[in-house]
Amino acid sequence: MRSELYIDGKWRPSSDGGTFDVVNPATEEVIHQVAAATAVDVDVAVKAARRAFDKDGWPKLSGAQRAKYLRAIADGIRARQPEIARLEVIDNGKPFPEADWDVADAAGCFDFYAGLAEQLDNNPEEPIPLPDARFTSKAVKEPIGVAGAIIPWNYPLLMAAWKVAPALAAGCTVVLKPAEVTSLTALELAAIADDVGLPAGVLNIVTGAGSVAGQAIIDHRQVDKLAFTGSGPVGSKIMAAAARDIKRISLELGGKSPFVVFDDADVEEAVEWIMFGIFWNQGQVCSATSRVLVQDGIYDRLLARLVEETKKIRIGNGLEDGVLLGPLVSKRQHQQVVAAIEAAKAAGATIACGGRRPESLETGYYLEPTVLTDVPLESDAWREEIFGPVVCTRPFATEEEAIELANDSRFGLAAAVMSRDDRRAERVAAAFRAGIVWINCSQPTFTEAPWGGYKESGIGRELGRWGLENYLETKQITRFATGAKWGWYIK
């Protein structure tokens with residue numbers, strides 16, 4: 001396991017020698033220590049990224065040349081996939097099959113953006129028709145510059161890939177800060193980049209506290225672009241700070257996503273997708289469909305099956321076979337989710353199942369998957385992101401009521417609808433005020449498709465070609481014909 005900062009192609013301790021503990025959430029044991037970057041370290045990293053962009057030629061490489069590095073990184077991830085997945089489990093807590101899937105997706109993300117980097121060579125400029133024949137004009141795409149990327153702890157390597165891969169494909173250089181509680185696999189990404197010979201300064205990874213290292217990235221005047229995934233309050237602060245220098249920003253923030261199930265839906269399929277939509281990754285998913293609205297005709301039957309199946313979920317250490325729900329990521333997160341459940345009870349909600357630490361697991365940040373009913377619409381449990389394995393359920397009568405309840409949120413990241421009536425499903429999907437909509441499923445995520453939200457769920461889109469465009473500027477170049485006369489002042 002790596003422990004030092006990766007800056008300008010070299011491994012180095014923090015400037016003041018500071019470190020912080022890495023805790024396995026399944027055992028509560030300290031398993032490693034990692035360097036805690038200071039503002040001085042961030043400054044060195046940003047200046048290395050600046051030099052690599054301005055002087056060393058990274059943005060001047062062809063897309064095909066950059067693609068070779070991206071594909072080599074993808075191959076390096078795959079070559080170590082089981083090892084990296086295991087690190088993800090002991091750092092984050094998620095079950096190994098989920099971690100293994102995440103690592104494979106991260107490799108695929110680098111491959112995908114390698115392809116888009118090559119496409120930049122095929123379409124280097126766009127001719128612009130003009131009404132005056134004396135002029136010709138074209139639009140060209142250019143990399144923004146130095147990108148500062150700050151990622152969350154719920155998908156540590158995958159979130160790194162979502163930002164690093166498109167940024168490098170576009171020709172940007174990067175300073176990446178992983179979440180303090182899950183830094184291990186980001187450092188392994190740095191090791192892989194180093195192994196494949198990525199030029200010094202192109203990718204720098206600084207571990208440490210958000211209030212120190214993260215803030216230093218946000219405030220640094222030589223950072224051209226900020227990409228952040230995390231909570232709304234932090235995103236708001238980043239947006240305000242970016243305004244000082246008019247930095248480009250993309251923000252993927254919180255959600256309280258609805259899942260509308262109509263009474264013509266297959267109950268068994270609905271229960272399966274409801275569970276996948278909220279219990280995958282211990283519910284620590286910004287797009288989790290945590291507000292489930294079920295039509296009156298099947299509500300009681302569906303709720304009974306949901307409770308029955310939820311009680312069967314095997315909870316435990318993510319390295320054990322058959323475990324489908326691991327611990328929450330940290331002591332703090334566990335405390336916050338438990339407090340949210342207690343607040344829901346105090347507000348009048350009923351716990352249909354779960355809500356407690358499993359009796360057989362005295363150590364580790366474990367929590368039973370929880371189903372809440374009778375949740376008041378004005379309560380925090382219904383309106384605020386809990387970010388844990390907690391789902392709120394509620395019956396509805398009509399399509400109009402379902403749409404109104406679904407959209408009654410300050411968030412708009414994702415939404416899902418389940419119905420055998422395709423026209424109704426499409427109609428409801430169109431009515432959702434959300435950036436991601438699923439029909440007859442919840443949570444499938446593909447690198448090729450745009451990812452991002454409406455309202456307070458963020459600004460901009462990641463993934464697909466939209467993710468690449470996050471790191472590109474558009475330049476207009478207009479030429480006046482040689483030999484032509486303008487003749488405004490000089491006749």
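Biologist: Is D75 buried, partly exposed or exposed?

Modeller: D75 counts as partly exposed, because its relative accessibility is 49%. Buried means under 20% relative accessible area, exposed over 50%, and partly exposed in between (1.4 Å probe, protein chains only).

Biologist: What kind of model is this, anyway?

Modeller: It's a predicted model: local features need pLDDT of at least 70, side-chain atom pairs count only at pLDDT 80 or more, and totals for chains, interfaces and linings use all residues. Residues are numbered from 1 along each chain as its sequence is written, and side-chain values use heavy atoms, leaving out hydrogens and water.

Biologist: Okay, which residue does D75 meet in a salt bridge?

Modeller: R78, at 3.7 Å, N to O. A salt bridge here is a side-chain nitrogen of Lys or Arg within 4 Å of a carboxyl oxygen of Asp or Glu. R78 also has a salt bridge with D111, at 2.5 Å.

Biologist: Where do R78 and D111 sit?

Modeller: R78 is in helix α2 and D111 is in helix α4 (residues 96–122), 33 residues apart, so the pair links distant parts of the chain. Helices are DSSP runs (H or I, at least four residues), numbered from the N terminus.

Biologist: How many salt bridges are there?

Modeller: The count comes to 33.

Biologist: New topic: how many residues has the largest nonpolar core?

Modeller: 106, with I77 and F110 among those with the most contacts inside it. Such a core is a set of buried Ala, Val, Leu, Ile, Met, Phe, Trp, Tyr and Cys residues joined through side-chain atoms within 4.5 Å. Helix α5 (residues 156–170) gives the largest share, 12 residues.

Methods. Helix = DSSP H or I, 4+ residues; strand = E, 2+ residues; numbered from the N terminus.
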